[in-house]
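Open the model in your viewer and get ready to select residues by number. This tour goes stop by stop.

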Amino acid sequence: MDKLIDFNNYPVSKVLNLLLKDKTTGKNIIFATNSYSLNANQIKETDQITQILLKDGLSALIQPRFTKSEDEQSERTRNKAEVFTPSWVCNKMNNHCDVEWFGRENVFNTEKGQDWIPTTEKIQFENPKDWQKYINSKRLEITCGEAPYIVSRYDTTTGEIIPIHKRIGILDRKLRIVSENAQNEDDWLKWTYRAFQSVYGYEFQGDNLLIARINLLNTFVDYMQEHLNRIPTETEVKEVTKVIVWNLWQMDGITGTIPFMKPKPMQLDLFDFDLGAKDSGPEQIDCKIFDWTSKKSLTYKNIKRG
């Protein structure tokens, strides 16, 4: 079986430097896991993931969770509460969201135990422009891991490849709608970019985040091949990667900041005493995301406050 995550092939090889970027810090995303500190690697949780490390053989180790040993999976679950959801559960939950949006059941598929039967007819909307509203509706997968709720290239618990017509991710559904309604190639590209701009996710561990970003990028390639019968140009790959890197970001979900950064010092008044030892580590930075409608960056905390 071909690698599900391949750092050496197109399009990943062309934009790997971009896929590693952290838009909040301006640096690269960090490992935020001690899974790679064994043997000769000696990689710390706060180290950045770099192309040099990947070329030195680390790329063979940064692979989907299902390929890891049971011991490593258990350790990651204990240390970082990493638990991935099978696709049939993701489908059930995404279906529930679509029942709320459409006001009816079985829009994209009909559940059948731990399987599902895709609908084959064109998805119907009450009003002609509602398909565009569906594409623009914003969705967020929290602690996204490899992003199985957003895209479903494979079942994250088994590695089983899911063909396009059966994919059930949030973005998969939007891309199906685009392909059913776009009038031409330019229209397809316009609304495909909008679909990518409308889905968000954050993740603590850097290796998972990198895999999630690659999964979204490869999904772009899959749907273009399926519906335009070609692969994306390098310009198109860079355009969608720019969106992916902004919309899938690294964050400690509790603090809303980059993992392992220390809290900002409190302002002391005349009667306060600073008795703690000075921490030389970097201070917390509120994570930035991008609002593609207003075309400006803002912090995740501001979004949460409304």
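**Stop 1: the second largest cavity**

Select Asn-136, Lys-138, Arg-194, Gln-197, Ser-198, Tyr-200, Trp-292 and Thr-293, which line the second largest cavity. Remember as you look that this is a predicted model. The space inside this cavity is about 30 Å³. Its lining divides into 2 nonpolar, 4 polar and 2 charged residues.

**Stop 2: the largest cavity**

How many cavities of 30 Å³ or more does the structure hold? There are 2. For the largest cavity, select Glu-146, Ala-147, Pro-148, Val-151, Ser-152, Arg-153, Tyr-154, Thr-156 and Asn-215. They line a space of about 40 Å³. By class, 4 of the lining residues are nonpolar, 3 are polar and 2 are charged.

**Stop 3: Thr-143**

Next, select Thr-143. Find this residue in the loop between strand E3 (139-141) and helix H6 (170-181). Check its backbone: phi is positive, about 35 degrees, although Thr-143 is not a glycine. Most residues other than glycine have a negative phi.

**Stop 4**

Now go to Tyr-10 and Pro-11. Is the peptide bond from Tyr-10 to Pro-11 cis or trans? The bond is cis, with omega near 5 degrees. Most peptide bonds are trans. Pro-11 sits in the segment before H1.

**Stop 4**

**Stop 5: H1 against H8**

Show residues 12-19 as H1 and residues 206-227 as H8. Their axes come within 11 Å and cross at roughly 135 degrees. H1 and H8 are therefore oblique to each other. The crossing of H1 past H8 is right-handed.

Now show side chains. From H1, pick Val-12, Val-15 and Leu-19; from H8, pick Leu-210, Arg-213, Ile-214, Leu-217 and Asn-218. These residues make the contact. By class, the H1 contact with H8 has 6 nonpolar, 1 polar and 1 charged residues.

**Stop 6: H8 against H9**

H8 passes H9 in a crossing that is right-handed.

On the H8 side, select Arg-213, Leu-216, Leu-217, Phe-220 and Met-224. They meet Glu-236, Val-237, Val-240, Thr-241, Ile-244 and Val-245 in H9. This contact of H8 with H9 has 8 nonpolar, 1 polar and 2 charged residues.

Finish on Arg-213 and Leu-217. Both take part in the contact of H8 with H1, and both also meet H9.

Technical notes:
Residues are numbered from 1 along each chain as its sequence is written. This is a predicted model: local features need pLDDT of at least 70, side-chain atom pairs count only at pLDDT 80 or more; totals for chains, interfaces and linings use all residues. Side-chain values use heavy atoms; hydrogens and water are left out. Axes are lines fitted to C-alpha atoms, for helices over the stretch in contact, and angles run from 0 to 180 degrees between N-to-C directions. Helices (H or I, at least four residues) and strands (E, at least two) are DSSP runs, numbered from the N terminus. Angles under 35 degrees count as roughly parallel, over 145 as roughly antiparallel, 65 to 115 as roughly perpendicular and the rest as oblique. A crossing is left-handed if the near helix is turned anticlockwise from the far one by less than a right angle, and right-handed if clockwise. Contact means heavy atoms within 4.5 Å. Ala, Val, Leu, Ile, Met, Phe, Trp, Tyr, Cys and Pro count as nonpolar, Asp, Glu, Lys and Arg as charged, and the others, Gly among them, as polar. On a 1 Å grid over the protein atoms alone, a cavity is a set of points where a 1.4 Å probe fits but cannot get out, and a pocket is an open set with protein on both sides within 12 Å along at least five of seven lines; lining residues have an atom within 4 Å of a point. Grid points are joined across faces, edges and corners, and a volume is the space filled by probe spheres set on the points.
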